[in-house]
Amino acid sequence: MYEQFFGLEHPPFQISPDPDFLFPSRVHEEALQQVRYALNHFKGSCLVVGPVGSGKTTICRQILRELDSDSVDYALILNPRLQERELLVQILTDLGEEVLSWEGLAQQVQEVLLARYLIGRHVVILVDEAQAMPSESLEALRLLTNLETNERKVVQVVFFAQPEFELRLKEEPELLPLRQRILVRCELAPLRFQETKAYIGHRLEVAGGVCGIRFSPWAQRAIHRWSAGVPRLINHLCDKAMLSAYVRQDHRIRYSDAQRARRDVGALL
């Protein structure tokens, strides 16, 4: 709505997980490096954990972008509430396979994974919002990770989850085997104030805002405080604050704009 007024090519604070806008904070960059290491060295399952709006899905999309299509196939599970059979069907579908029979799903998935390995391909399964996945489906994923050679895993699973997933892993005895197979774990923490400032500037720059747009220091501090450093909430507040400045026909986003944004965002904070 306000992009033309501010001279922007794209909306700077959209909440969709566009990896082009991924800000390389210390925690996000560390998470990326750890997942890259695990995938490149065929380690066990990975877990990226963080609260709502911390950037887990954006990291997931960045990892997908970086996968080598010449040697890696992947399945992306966006609906974690799938039951075991539904999950196996989704994996087959993402890998471009047809379901041969409902009774032999698990066997077919294993045969497909082994067949891919024999022709030099590696399979990665990425699960978003893993904290909502049924225990039976998590166990099905664990059993798939048992497929391995003397040198490496045939399939790897990367979980992206909210903190309650770790509580499930600790408190549900049937998930202990899965917990023991997660060899790489990284946690997304909120942004610090200086990172919030850099985050705002980064998104404006990616959106094409090379000059003329400025958040006042008080507006930046207010946005950081009210968002608690959570990227999604920063996006909400900045978007509404820029809309307020647009209504005033001002390229400077003031503290009063941040206040109005806080009132508009309301219950999200």
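Visitor: Which residues lie nearest the centre of the largest pocket?
Guide: In this predicted model, the largest pocket has a lining of 24 residues. Helix 3 (56–66), helix 9 (193–206) and helix 11 (231–247) are the elements that each give two or more residues to that lining. Those nearest the centre of the pocket are G53, S54, G55, T58 and P231.

Visitor: Which helix gives the most to the lining of the second largest pocket?
Guide: The second largest pocket has a volume of about 180 Å³. Residues lining this pocket include R36, L39, I63, E66 and H122. At least two lining residues come from each of helix 2 (26–40), helix 3 and strand 3 (122–127). With 3 residues, the element that gives the most is helix 2.

Visitor: Are helix 2 and helix 3 oblique or roughly parallel to each other?
Guide: The axes of helix 2 and helix 3 come within 11 Å and cross at roughly 40°. Angles under 35 degrees count as roughly parallel. The two helices are therefore oblique.

Visitor: Which residues of helix 3 make the contact with helix 2?
Guide: The crossing of helix 2 and helix 3 is right-handed. From helix 2, the contact involves H28, A31, L32, V35, R36 and L39. From helix 3, the residues are I59, Q62, I63 and E66.

Terms used. Residues are numbered from 1 along each chain as its sequence is written. This is a predicted model: local features need pLDDT of at least 70, side-chain atom pairs count only at pLDDT 80 or more; totals for chains, interfaces and linings use all residues. Side-chain values use heavy atoms; hydrogens and water are left out. On a 1 Å grid over the protein atoms alone, a cavity is a set of points where a 1.4 Å probe fits but cannot get out, and a pocket is an open set with protein on both sides within 12 Å along at least five of seven lines; lining residues have an atom within 4 Å of a point. Helices (H or I, at least four residues) and strands (E, at least two) are DSSP runs, numbered from the N terminus. Grid points are joined across faces, edges and corners, and a volume is the space filled by probe spheres set on the points. Axes are lines fitted to C-alpha atoms, for helices over the stretch in contact, and angles run from 0 to 180 degrees between N-to-C directions. Angles under 35 degrees count as roughly parallel, over 145 as roughly antiparallel, 65 to 115 as roughly perpendicular and the rest as oblique. A crossing is left-handed if the near helix is turned anticlockwise from the far one by less than a right angle, and right-handed if clockwise. Contact means heavy atoms within 4.5 Å.
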